[in-house]
Amino acid sequence: MDLTKLRKDFPTLREEDAPAYLDNACVTLKPDSVISTIHDYYSKTPGCGGRSVHRYGSKISQATGQARSKLQNFLGAETQKEIVFTRNATHSLNQVAHGLPWEKGDIVLTTDREHNSNLVPWLQLEQEQQIDHRVVASNPDNSFDLEAFELACANAGSKLKLVSMSHVGNLDGVHIPIKEVGKIAHDYGALICVDGAQSTPHMDVNVKELDIDFLAFSIHKMCGPSGMGGLWGRYDLLDGLRTIQSGGQTVQSSTYDSIDWAKPPARFEGGLGNFSGMMATGAAIEYLSKIDMNAVQEHEIRLNTIMTDGIKDLPGIEIIGPLDARKRGGICSILMGDIPVHDIALLLDEAAGVMVRSGQHCVHSWFHNRGHNNGSLRASAYLYNTEEEARLFAETFSEAVHAFS
Ligand SMILES: Cc1ncc(COP(=O)(O)O)c(C=O)c1O
């Protein structure tokens, strides 16, 4: 990757006082092509796709179809009909959770370190439809415990209906061996839903190769626009899924007393779409498709190694997850005892333009369970970050910790 060239594509990075933006696990920066696509939609073709046949309508239908097909290729999907545009990964996970048919006592397995978006929908189903949500405990270093998972599957037996797990955790960057997990789930007759919000932007994710059933992802974490996410599902499964938003676009036809549902993906895209978002998704995926995703992964690990080595021996702090940065992708998430994480995050930005996230990162359950109510400070790298930025983070963070200790 030619970082100097690549960074010129991002307006925020061209600014003289460009930040060291290390909050990429939350949302990423956007390249020119994405921004100009949004601008072009509103300034040149601000119409409605999929319905109106005039020039605006046909241009939008064509562009959104192209965006879907770019995503199909990016994820290795069988057909573009398997790609559903959603508002975000949360929407995608909710579509799976509330779209599958449940029977009382059906078991869903997650891990003990899921984002709320892959926890709360299952808790809600537990309360409302009496499914049985079970949590597989991680190893003490937060890595995935395959044995505990196999035991949980064996204990669930034929009641096991779904395994829903984050491919890469936003808490700590820890990676789950999804292919193995999926195979075991399938052996028990269960489906596997992958929360790919933190994997799809950062590594090569191929749904066929992984042999999974559903993949939820966030376009806004992939250089794309906010308000956009995606759901990939095996077509036969999507075809059997109930939509969580019915209305315009979701039917082929209707009478006063009957519904003729549309086929996927239209059935899940009720109401007027976020057309500028869909078109800009195409631009974002085109941008990422020109970059080797394995190189992105290696690059982020290199940056994380610099961050980790630079801070790991500081007094009173602890990195969440294995110390080896290779096992945490681009995420360095740090427990800081009583040192106020939000103050440190503010200081990093004010003193050195280093932008990180502080708090519980929507993984409240993990923090509460372990009594780390102060949360953590999380630096997360992406393809445009440099080694200098990683060093700047380590230096400024170290100074801040010393100042507060
Ligand atoms: C692992 C994980 N899952 C789900 C989500 C929710 O994603 P979205 O904001 O696109 O709904 C996030 C967002 O940070 C995440 O990191």
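Trainee: Which polar side-chain atom distance separates Thr90 from an oxygen atom of the ligand?

Mentor: This is a predicted model in which local features need pLDDT of at least 70 and side-chain atom pairs pLDDT 80 or more, while totals for chains, interfaces and linings use all residues. Residues are numbered from 1 along each chain as its sequence is written, and side-chain values use heavy atoms, without hydrogens and water. A polar contact here is a pair of N or O atoms within 3.5 Å. For Thr90 and the ligand oxygen, the distance is 2.4 Å.

Trainee: What is the order of the strands in the open sheet?

Mentor: Strands are DSSP runs of E with at least two residues, numbered from the N terminus, and two of them pair if DSSP finds at least two bridges between them. The sheet has 7 strands with mixed pairing. Its edge strands, each pairing on one side only, are β2 (83-86) and β4 (132-136). The order is β2-β8-β7-β6-β5-β3-β4.

Trainee: Which residue in β8 is the bridge partner of Ile83?

Mentor: Strand β8 covers residues 229-233 and runs antiparallel to β2. The two strands are joined by 4 bridges. In β8, the partner of Ile83 is Trp232.

How values were computed: A polar contact is a pair of N or O atoms within 3.5 Å; within protein, one must be able to donate a hydrogen and the other to accept it, and residues adjacent in sequence count only if both atoms are side-chain atoms.
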